[in-house]
Amino acid sequence: MSDIEKQYARTFSTPYGKQVLSHLRSLTIERVLGQNVTDSELRWWAAQKALVHQIENLIQRGNNPTQ
């Protein structure tokens, strides 16, 4: 496990960090786009979702050093 994974786990384990992560999820992963979404908007949304997933993966690795 790298130091950055530990730092993500520490940062997002605080009440404020959990609130921020929840907000990021609501803006990206839990968001539903309408049928009139453009290709450009869809790509931007997919990139944002990927970033939030990356943060969650780093948190998980920081919390589970054996995995």
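The legends below describe close-up views of a predicted model.

Residues are numbered from 1 along each chain as its sequence is written, and side-chain values use heavy atoms, with hydrogens and water left out. Local features need pLDDT of at least 70 and side-chain atom pairs count only at pLDDT 80 or more, whereas totals for chains, interfaces and linings use all residues.

**View 1. Packing of helices α2 and α3.** Helix α2 spans residues 15–27 and helix α3 spans residues 39–63, helices being DSSP runs of H or I with at least four residues, numbered from the N terminus. The two pack at an angle of about 145 degrees with their axes 10 Å apart; axes are lines fitted to C-alpha atoms over the stretch in contact, and angles run from 0 to 180 degrees between N-to-C directions. The contact (heavy atoms within 4.5 Å) is made by Leu21, Leu24 and Arg25 of α2 together with Val52, Ile55, Glu56 and Ile59 of α3. These residues divide into 5 nonpolar, no polar and 2 charged, where Ala, Val, Leu, Ile, Met, Phe, Trp, Tyr, Cys and Pro count as nonpolar, Asp, Glu, Lys and Arg as charged, and the others, Gly among them, as polar.

View 2. Glutamate 56 counts as buried because its relative accessibility is 19%, the cut-offs being under 20% relative accessible area for buried, over 50% for exposed and partly exposed in between, with a 1.4 Å probe and protein chains only. Residues up to four places away in sequence not being counted, glutamate 56 touches Leu21, Arg25 and Ile29.

**View 3. The largest nonpolar core.** Phe12, Leu21, Ile29, Val52, Ile55 and Ile59 make up this core of 6 residues in all, a nonpolar core being a set of buried Ala, Val, Leu, Ile, Met, Phe, Trp, Tyr and Cys residues joined through side-chain atoms within 4.5 Å. Helix α3 gives the most to the core, with 3 residues. Neighbours within four places in sequence left aside, isoleucine 59 is in contact with Tyr8, Ala9, Phe12 and Leu21.

**View 4. Glutamate 5 and its partner arginine 61.** Glutamate 5 lies in helix α1, residues 3–11, and counts as buried at 10% relative accessibility. Its side chain is joined to that of arginine 61 by a polar contact of 2.5 Å, a term for a pair of N or O atoms within 3.5 Å in which, within protein, one must be able to donate a hydrogen and the other to accept it, residues adjacent in sequence counting only if both atoms are side-chain atoms.
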